[in-house]
Structures are given as structure tokens and as C-alpha cells.
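Good morning, colleagues. Please look at the sequence and the structure together while I take you through them.

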Amino acid sequence: MKIVLKVQKDMFFNFFCVSLFFIALNFWHLEVYLMLALFMIAIFLNTQRERKVKFDSEFCVLFLANLTYVFLYSIYIPLGMHTILLYAFGPIGSYFIGKVFIYEKEKRLQTTILIIAIGMAFHAILNLVSSEIGIGINERYVKDVWNNSNISATLQGALLAFIIGIVYWLLINKKFFFKLVGIVMVIFILWNSFLTGARTPLFLLVLEVVMLSLYKAYACKNKNLMKKIIKTILGLIILCIIVVVAYNLNLFGLKDMYYNSSLYIRFQTMDSIVQDTRNQHVIDALKNLVKYPMGNIDKQLGRISYAHNFWLDIGRQTGIIPLLLFLIYTIKNFKKYILIIKQKYIGLDTKLLLTGTYSAVGIFLCLEPIMEGSPWVFFMMCMVCGGVASIYKSER
């Protein structure tokens with residue numbers, strides 16, 4: 001009997017992995033229905049284990065945040081049934097599914113993060129390839145491979161958030177396949193920025209590699225490892241110098257290629273990162289929140305209609321109540337992440353994957369209107385948080 005139950009559980013997790021890849025891939029926009037199927041299975045599995053459904057405080061806060069967000073949003077703009085289902089069910093469904101399917105197993109959490117990262121990155125690859133081959137890249141947007149709609153370069157970059165978070169782990173992995181995937185992903189991130197002019201993925205890639213390298217050295221308390229990391233960083237600096245020299249000499253036409261790229265145009269439209277108008281967007285959003293505490297989705301914020309911040313954009317749309325609830329949910333999950341990585345029973349691989357994922361996705365949430373533009377990035381993060389909650393529960 002135990003053997004049969006184990007086979008059934010493995011079968012369910014295998015189905016979860018396959019479904020999750022297609023959800024992360026945004027396959028033909030059928031992800032909502034795949035999520036519903038996983039949710040029904042998750043309820044069944046949970047009742048088999050515990051005989052009743054239990055919800056933790058993070059789930060309850062997320063439920064309230066989502067309920068108020070969808071309710072207030074629908075007051076300002078009438079929503080279709082598919083959109084209501086997407087936003088009402090997406091976050092809480094993802095959290096519950098992650099918690100049930102990962103079910104206190106560290107390896108399953110690692111697998112989940114990998115599938116999400118590769119699935120979303122593959123979606124970005126398909127978008128870029130189809131746009132370049134089909135219609136050509138139009139500076140600041142690409143075409144969605146599934147429905148041919150426009151996706152801004154920033155939201156295209158958001159699809160790379162998870163893979164950027166784990167690319168360091170891929171590169172240092174002992175398995176050749178993962179190393180190869182890591183190298184391919186680095187090349188694609190550079191290619192994506194070159195063609196679309198997206199700067200955030202470039203800066204974040206460098207930041208993640210340096211930060212996780214230092215974190216690994218600190219976690220291992222290994223002086224030799226620290227020396228290797230310093231040598232690697234020096235090697236990268238030398239490589240950058242070589243690239244700069246080759247660029248100045250226009251070897252292999254590097255300078256001409258750069259001048260004709262969207263990335264060059266993007267940098268030329270702004271003297272420096274400090275002059276990025278996102279700072280003004282944040283100020284406008286805060287002023288708008290004071291003026292319209294219950295939200296005011298129809299009003300412009302200065303020169304644009306986005307705050308370019310996950311929480312402030314929620315406040316812009318639906319007011320201070322959903323904003324505070326989502327902020328509380330974020331803080332509670334970040335606290336749980338801190339508690340997890342401090343534990344000795346959690347392996348270094350899991351700590352690296354979680355640290356990379358939380359930091360990379362967190363930075364994108366701070367910079368982009370994810371809930372409106374690319375909600376599945378947030379939904380998938382909710383699934384990871386559900387898995388972390390499951391592991392934390394198992395070792396309390």
C-alpha cells in the first residue's frame with residue numbers, strides 16, 4: 001500500500017513539473033486552466049495528508065490583499081471573466097500549489113525554481129527569435145510568440161528575472177548540462193539587451209554573479225574559495241579591458257554593431273542611470289497616493305501612467321489598503337526566507353537558488369509594474385514562497 005501511495009505522489013509531482021513548465025512558458029495563454037487543474041490536485045493531496053485544508057498567515061494576508069485588489073480594480077475598470085479569474089486566483093492558487101506539491105522537500109523546491117526559470121527564459125527566447133525573424137526588433141518592444149501582442153523591452157526583461165537569479169548556480173554546477181544551460185543563458189541575456197536596449201538585465205546579471213560569489217565564499221568560510229573568486233573577478237576585469245580595446249579598434253566590427261543596436265540608442269537617450277526618470281515616477285506615485293488614497297487608475301502620474309514599482313503601482317490602481325497588505329505579505333515572506341537560509345539543515349545549493357531568486361525577482365518588482373504588465377512573474381514567486389513556507393514548517 002505504501003509503495004502504491006509513493007508511486008501516486010511521484011506521478012502527481014511529475015504532472016506538476018510538466019504543467020509548471022508550460023505555465024512558466026505561458027503556453028498559448030492556457031496557464032490559468034493548468035493552474036486550476038494543479039489546484040484541484042493540490043486540494044486532493046492536502047486532504048489526503050492532513051484531512052483538512054490549513055492556511056498559514058502568509059496565505060491569509062495574500063488572500064486579503066488579492067481580494068481587495070481585484071474588488072477595487074474592477075470598480076474602476078470592468079474586468080472580463082478570464083481576467084478576474086487570473087488575478088483573483090493567480091497569487092493564492094500559486095502559493096497553495098507550491099506549498100502542497102513541494103511538501104517539505106528541499107529537492108522539490110530546487111526543481112520548482114529551475115523549471116520556472118527555464119520556462120520563463122524559454123518564453124523570452126521565443127519572443128525575441130520570432131520578433132527578429134518575423135518583423136524585426138522595434139527598439140523597445142518585442143512580439144509575444146503566442147498572440148503577437150507587443151511586449152515592452154522592460155517586461156521582456158522581467159521574464160528573465162528567475163534565470164538571472166540562478167545563472168550563477170548554473171555556471172558553478174558540477175553537471176555539464178547545467179553549466180551549458182548557464183552559458184547559453186548568459187549569451188541570451190546579452191543578446192536580448194543588445195537588441196532591445198534593456199539595461200536592467202545586464203546590470204542585474206553582474207550584480208547577481210558578484211553577490212552570490214561573495215555569499216558562497218562567506219557561507220563556506222573558505223579562504224581559498226575567496227581567493228579563487230577574487231582571481232575570477234580580476235579575470236573578468238581583464239576580459240572587459242580586452243573587449244574595450246577591441247571595441248575602440250573596431251575589431252570584428254564591434255563598434256559598428258554597437259552603434260546600430262537598440263542598446264546604444266537606449267544609453268544615448270539618457271546621460272546616466274542617476275538621471276533615470278523612474279525616481280520622478282516614484283515621487284509622482286507617492287503624491288498621487290496621498291491625493292487618491294483609494295486609488296485612481298485613470299489619472300496620469302506626471303508624464304507616465306506607471307510608477308515602475310510593484311507596490312506603488314498597486315497603490316496607484318487600487319489605493320493604500322491593497323498596497324499595505326501586499327507589503328505585509330512581502331515582509332512576512334522575506335522574514336521566512338531569512339530564517340530558512342540561517343538554518344544549517346538547508347543545503348548550500350538551496351540557499352544560493354533562494355538568495356538569487358529572491359534578490360533578482362525583488363529588484364524587478366522594485367523597478368517594473370509587474371502586477372499589470374507581467375503578473376505571472378509575481379505568481380511564480382508566490383509559488384516559490386509557498387514552497388519555502390512548506391520547508392520552514394517541516395523543520396520548526
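First, the basis of what follows. This is a predicted model, in which local features need pLDDT of at least 70 and side-chain atom pairs count only at pLDDT 80 or more, while totals for chains, interfaces and linings use all residues. Residues are numbered from 1 along each chain as its sequence is written, and side-chain values use heavy atoms, with hydrogens and water left out.

Let me begin with the charged pairs. Side chains of opposite charge can pair when their charged atoms come close. Here a salt bridge is a side-chain nitrogen of Lys or Arg within 4 Å of a carboxyl oxygen of Asp or Glu. By this rule the count is 5 salt bridges. One of them joins the side chains of Asp-56 and Lys-99, at 2.7 Å from N to O. Asp-56 sits in the loop between helix 2 (31-50) and helix 3 (57-76), and Lys-99 in helix 4, so this pair ties together parts that are 43 residues apart in sequence. Helices (H or I, at least four residues) and strands (E, at least two) are DSSP runs, numbered from the N terminus.

Are these two partners buried or exposed? Buried means under 20% relative accessible area, exposed over 50%, and partly exposed in between, with a 1.4 Å probe and protein chains only. Asp-56 is buried at 14%, and Lys-99 is buried at 17%.

A second pair is Lys-336 with Glu-58, whose side chains meet in a salt bridge at 3.1 Å, N to O. This pair links distant parts of the chain, with Lys-336 in helix 15 (residues 320-341) and Glu-58 in helix 3, 278 residues apart. Both Lys-336 and Glu-58 are buried.

The next pair is local. Arg-316 forms a salt bridge with Asp-313, and their closest N and O atoms are 3.0 Å apart. Both residues lie in helix 14 (residues 310-318), 3 residues apart, about one turn of the helix. An α-helix has 3.6 residues a turn, so residues three or four places apart point the same way. Arg-316 and Asp-313 are each buried. Together with Glu-372, Asp-313 and Arg-316 are linked in a network of salt bridges.

I turn now to helix 7. Of the 12 residues in this helix (residues 161-172), 10 are buried, so helix 7 is largely enclosed by the rest of the structure. Among the buried residues are Phe-162, Tyr-168 and Trp-169.

Next, the surface. Which residues form a nonpolar patch there? They are Ile-230, Leu-234, Ile-237, Ile-241, Val-245, Leu-249, Leu-251 and Phe-252, with about 820 Å² of accessible area together. Patches are made of residues with over 30% relative accessible area and no salt bridge, where like charges are joined within 9 Å and nonpolar side chains (Val, Leu, Ile, Met, Phe, Trp, Tyr) within 5 Å. Accessible areas come from the Shrake-Rupley method with a 1.4 Å probe, and for residues only the protein chains shown count as cover. Phe-252 lies in the loop between helix 10 (223-248) and helix 11 (254-259), and is exposed, with a relative accessible area of 79%. Lys-227, in helix 10, is also exposed, at 53%.

Tyr-76 lies in helix 3 and counts as partly exposed, at 27% relative accessibility. Tyr-76 and Asn-296 are 220 residues apart in sequence, and their C-alpha atoms are 7.8 Å apart in space.

On a 1 Å grid over the protein atoms alone, a cavity is a set of points where a 1.4 Å probe fits but cannot get out, and a pocket is an open set with protein on both sides within 12 Å along at least five of seven lines; lining residues have an atom within 4 Å of a point. The second largest pocket has a volume of about 450 Å³, a volume being the space filled by probe spheres set on the points, which are joined across faces, edges and corners. Its lining has 22 residues, of which Asn-26, His-29, Gly-373, Ser-374 and Pro-375 lie nearest the centre. Helix 4 supplies the largest share of that lining, 3 residues.

The structure also holds 2 cavities of 30 Å³ or more. The second largest cavity is lined by Tyr-69, Val-70, Tyr-73, Leu-79 and Tyr-87, and helix 3 gives the most to this lining, with 3 residues.
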